[in-house]
Amino acid sequence: MLGPDNRGDTMGQNEGRAPQGRALEGKVAVITGGASGIGRACATRFAAEGASVVIADIDLEGGGETAADIEGDGGTAHAVRLDAPDPTDNETMIRTALDKYGRIDAVVAAAGLAHAGYVSGEQRARSDNQLLDQSVDDWKRVMDVNLTGVMLANQLAARAMIESGEGGTIVNIASAAAKVPLRGGVDYCVSKAGVWMLTKAFALEMADQGVRVNAIGPGFIETPMTARGRETNEGMAWMHAMTPMGRLGEPAEIANTALFLSSNESSYMTGQILFPAGGMFVG
Ligand SMILES: NC(=O)c1ccc[n+]([C@@H]2O[C@H](COP(=O)([O-])OP(=O)(O)OC[C@H]3O[C@@H](n4cnc5c(N)ncnc54)[C@H](O)[C@@H]3O)[C@@H](O)[C@H]2O)c1
């Protein structure tokens with residue numbers, strides 16, 4: 001039986017009191033998609049909170065830059081190459097964390113594509129009838145990276161967390177698009193809705209194993225993924241119209257949410273999705 005202080009659902013000894021020290025002191029976190037945007041912000045923040053961080057990304061150079069920045073600030077980080085839907089790459093990612101740092105306490109699965117040909121920072125023109133023109137190969141690539149990639153990271157990390165006897169936390173980066181359909185992004189919306197249900201169903205299986213599984217559904221965030229939309233007045237107007245707060249979010253605001261879901265501050269939460277989305281779903 002897992003003890004109260006070493007599992008993902010711990011109430012700890014500070015119940016009702018302000019947390020002391022850094023939230024992830026001595027913990028080990030694996031962040032997919034950590035070369036850029038939201039994943040990078042999570043890696044940086046988690047390291048600043050005391051975690052040793054493994055950054056896994058298809059962009060190994062970018063992941064290495066995130067790791068170097070963290071180390072330059074006195075933190076501990078290491079980058080590995082990951083193609084998210086590749087089982088062997090996922091095994092290497094998990095094995096690297098265990099070999100280098102001895103444990104895995106937290107995972108943030110942030111690697112993702114806006115569309116099949118997405119390379120971070122570049123976005124194809126939006127088609128209003130994307131599904132009518134979509135090839136099966138493109139559909140599969142989006143599902144592979146955005147959904148199967150998250151599933152593999154969850155599965156392998158949870159196995160390690162259970163084996164350690166100490167449990168852990170998993171945070172999956174879904175999207176507001178898991179809840180609201182976007183014209184021109186059927187594949188993306190479906191993949192993110194899948195991540196939301198994966199989170200709930202897996203959380204149910206993990207609830208008595210000490211592994212908490214939650215998701216985040218960001219609204220429009222200032223990362224390379226929204227760069228093309230931010231280039232035009234029309235794109236900005238479209239994003240603002242869907243966002244009552246009238247501004248895009250910053251990657252650090254998503255990292256704050258991920259930190260909450262990865263720390264004891266959320267010790268009684270599992271299977272939930274939080275929407276840091278500027279009031280998008282207030283009704
Ligand atoms: N920016 C937004 O407005 C927004 C909104 C909701 C959800 N999201 C989600 O947040 C996550 C992070 O996106 P972002 O906005 O930071 O964009 P980003 O382009 O800055 O980051 C995406 C990262 O994923 C990596 N990646 C892409 N394909 C990969 C693969 N096959 N294997 C491993 N890594 C891969 C990229 O190299 C990049 O580092 C994504 O899952 C995205 O869908 C973003």
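User: At what angle do H1 and helix H8 pack?

Analyst: This is a predicted model, in which local features need pLDDT of at least 70, side-chain atom pairs count only at pLDDT 80 or more, and totals for chains, interfaces and linings use all residues. Residues are numbered from 1 along each chain as its sequence is written, and side-chain values use heavy atoms, with hydrogens and water left out. Helices are DSSP runs of H or I of at least four residues, numbered from the N terminus, and axes are lines fitted to C-alpha atoms over the stretch in contact, with angles from 0 to 180 degrees between N-to-C directions. The axes of H1 and H8 (residues 251-262) are 8 Å apart, and the packing angle is about 55 degrees.

User: Is H1 roughly parallel or oblique to H8?

Analyst: Angles under 35 degrees count as roughly parallel, over 145 as roughly antiparallel, 65 to 115 as roughly perpendicular and the rest as oblique. The angle between H1 and H8 is about 55 degrees. Therefore H1 is oblique to H8.

User: How do H4 and H5 lie relative to each other, roughly parallel or oblique?

Analyst: The axes of H4 and H5 come within 8 Å and cross at roughly 20 degrees. That angle makes H4 roughly parallel to H5.

User: What is the distance from an oxygen atom of the ligand to an N or O atom in the side chain of Thr 223?

Analyst: A polar contact is a pair of N or O atoms within 3.5 Å. For Thr 223, the side-chain atom and the ligand oxygen atom are separated by 2.5 Å.

User: Which elements give two or more residues to the shell around the ligand?

Analyst: The protein covers 97% of the 820 Å² of accessible area that the ligand has on its own (Shrake-Rupley method, 1.4 Å probe). The elements giving two or more residues to the shell are helix H1 (37-48), helix H4 (136-164) and helix H5 (186-206).

Note on methods: Polar contact = N/O pair within 3.5 Å; in protein donor to acceptor, adjacent residues only side chain to side chain.
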